[in-house]
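Try each task before you read its solution.

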Amino acid sequence: YGGSGFGGLIFLYYFYQAKYSFHKTEILLLDRIRRLPFYWPPGPPEAEKNSTVHGEGLPPDLVEAFAEWFVITDLQEAGGVVRDDVLELFKELGFSEDQQAAKDFIHRGDGQLEEHKRLSGA
């Protein structure tokens, strides 16, 4: 009995707020119900997730330089940055393609042959 009485009071309050119009009362009640937190709020959009840069222990200036290189190379190349471009950069920095991390990076590329994997997007 108490719940229905409380619900009736809420209805009468919104009916009064709507200046005794049933249609406006319905709109006000639906708006109020939609604002109730039934679900968790949505997380950040996919674009925001993709645009974050995780340095993973690298100095901030190195992370910034790599991000700038990536954006500049992506804008200059018609197909964007490919895995071969990233491997060339790391070869210039003194790393070898024979290291396991480089082999894993190539292996995650699209295609069956190593040449196709090297030319897939990074």
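**Exercise 1: a leucine and its patch**

L75 sits in helix α4. Keep in mind that this is a predicted model.

*Task.* Work out whether L75 is buried or exposed, and find which residues form the nonpolar surface patch with L75.

*Solution.* Start with the accessible area. L75 has a relative value of 70%, and the cut-off for exposed is over 50%, so L75 is exposed. Next, look around L75 on the surface. The nonpolar patch there consists of F66, F70, V71, L75, F90, L93 and F95, and together they have about 660 Å² of accessible area. Last, ask which helix gives the most: that's α4 (residues 60-76), with four residues.

**Exercise 2: rings in a row**

*Task.* Classify the ring pair F11 and F15, then the pair F15 and Y20.

*Solution.* A pair of aromatic rings is described by the distance of the centres and the angle of the planes. The structure has seven such aromatic pairs. For F11 and F15 the centres are 5.8 Å apart and the planes make an angle of 15 degrees; planes under 30 degrees count as stacked, so this pair is stacked. As for cover, F11 is partly exposed at 32%, while F15 is buried at 14%.

Now move on to Y20. The F15 and Y20 rings lie 5.4 Å centre to centre with 80 degrees between the planes, which makes them edge-to-face. Y20 is exposed, at 55% relative accessibility. Zoom out and you'll see a cluster linked by ring pairs: F11, F15, Y16, Y20 and F22.

**Exercise 3: a threonine in helix α2**

*Task.* Say where T25 lies, and which residues T25 touches beyond four places away in sequence.

*Solution.* T25 is part of helix α2 (residues 22-34). Its relative accessible area is 1%, so T25 is buried. Leaving out residues up to four places away, its contacts are F11, Y14, F15 and A18.

**Exercise 4: counting salt bridges**

*Task.* How many salt bridges are there, and which side chains meet in a salt bridge at 3.6 Å?

*Solution.* Side chains of opposite charge can pair when their charged atoms come close. The count here is one salt bridge. D31 and R35 form a salt bridge through their side chains, at 3.6 Å from N to O. D31 is partly exposed at 39%, and R35 is exposed at 53%.

**Exercise 5: the core and a buried aspartate**

*Task.* Find which residues make up the largest nonpolar core, and decide whether D85 is buried or exposed.

*Solution.* The largest nonpolar core has six residues: V81, V86, L87, A102, F105 and I106. D85 belongs to α5. At 16% relative accessibility, under the 20% cut-off, D85 counts as buried. Leaving out residues up to four places away in sequence, D85 touches W69, T73, E77 and G80.

**Exercise 6: a proline in a loop**

*Task.* Where is P41, and what separates its C-alpha atom from that of L87?

*Solution.* P41 is in the loop between α2 and α3 (46-51). P41 is exposed, at 63% relative accessibility. The C-alpha atoms of P41 and L87 are 40 Å apart, with the two residues 46 positions apart along the chain.

Technical notes:
Residues numbered from 1 in each chain as written. Heavy atoms only, no water. Helix = DSSP H or I, 4+ residues; strand = E, 2+ residues; numbered from the N terminus. Buried < 20%, exposed > 50% of the residue type's maximum accessible area, 1.4 Å probe, protein only. Contact = heavy atoms within 4.5 Å. Salt bridge = Lys/Arg side-chain N within 4 Å of Asp/Glu carboxyl O. Patch = residues over 30% accessible without salt bridge, like charges linked within 9 Å, V, L, I, M, F, W, Y side chains within 5 Å. Areas by Shrake-Rupley, 256 points an atom, 1.4 Å probe, with all protein chains shown as cover. Core = buried A, V, L, I, M, F, W, Y, C linked by side-chain atoms within 4.5 Å. Phe/Tyr/Trp six-rings, centres within 6.5 Å; stacked < 30°, edge-to-face > 60°.
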